Amino acid sequence: MTSVRATTIGFIAAGLLAGLAAAPARAECVRSIVNKSSLTALVRRDGGPWVTVPPHRSQAIRFTEPGSVEFALVCGRPGYGSPDQGAVYRDSIGYSAIIDRCYYEIGNGFFEDQLGPGSSIGTKDTAPLTVNVPRQGDVVIGTRLDGLCPAVFGDTLRSRY
């Protein structure tokens with residue numbers, strides 16, 4: 001009787017473990033988008049609504065499954081209707097989210113196993129965005145395109161009080 005009970009418990013435990021192993025791994029990562037530029041950043045994940053990241057501010061983004069993030073940089077405040085209209089920069093970057101690893105996929109896979117995703121070998125130019133820095137999944141928007149909006153920022157910079 002004892003061996004039948006032990007065998008039954010063993011089969012139940014094996015079934016539970018097999019069920020857990022078959023379930024897809026979901027991620028729960030919160031990362032940052034930091035806008036260091038004077039432009040307004042618009043960000044949307046997987047075709048969802050645009051989220052505004054004002055100049056010199058940051059926004060948290062949650063990754064739960066692989067997808068893509070679109071970036072649009074606009075001069076001044078975004079308009080109504082289609083807020084990304086008139087963007088001076090656009091890009092879409094795919095990301096991976098597996099268990100506790102969330103990162104933007106910018107490499108071509110060359111030495112990825114040895115150096116990690118987004119290593120300096122085989123990456124694409126993402127400027128003015130710096131991706132996977134300071135930690136994987138973070139984005140920093142730099143000041144490289146600030147000069148594209150002279151009408152908005154030029155008068156403010158030349159003013160004297």
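Start with the bridge between Cys 75 and Cys 149: its torsion about the S-S bond is about -60°, so this disulfide is left-handed. Keep in mind that you're looking at a predicted model. In it, the sulfur atoms of Cys 75 and Cys 149 sit 1.6 Å apart. Where do the two partners sit? Cys 75 is in the loop between β5 (67–74) and β6 (89–98), while Cys 149 is in the loop between β9 (139–141) and α3 (150–158). That's a link between distant parts of the chain, 74 residues apart.

Cys 75 has a relative accessible area of 25%, so Cys 75 is partly exposed. Cys 149 has a relative accessibility of 3%, and because buried means under 20%, Cys 149 counts as buried.

How many disulfides turn up if you search the whole structure? The answer is two, so let's go to the bridge between Cys 29 and Cys 102. Here the sulfur atoms are 2.2 Å apart, and with 80° about the S-S bond, the link of Cys 29 and Cys 102 is right-handed. Cys 29 belongs to strand β1 (residues 29–35) and Cys 102 to strand β7 (residues 101–104), so this pair ties together parts that are 73 residues apart in sequence.

Are Cys 29 and Cys 102 buried or exposed? Cys 29 is buried, at 3% relative accessibility, and Cys 102 is buried too, at 0%.

Definitions and conventions
Residues are numbered from 1 along each chain as its sequence is written. This is a predicted model: local features need pLDDT of at least 70, side-chain atom pairs count only at pLDDT 80 or more; totals for chains, interfaces and linings use all residues. Side-chain values use heavy atoms; hydrogens and water are left out. A disulfide is a pair of cysteine sulfur atoms within 2.5 Å. Helices (H or I, at least four residues) and strands (E, at least two) are DSSP runs, numbered from the N terminus. Buried means under 20% relative accessible area, exposed over 50%, partly exposed in between (1.4 Å probe, protein chains only).
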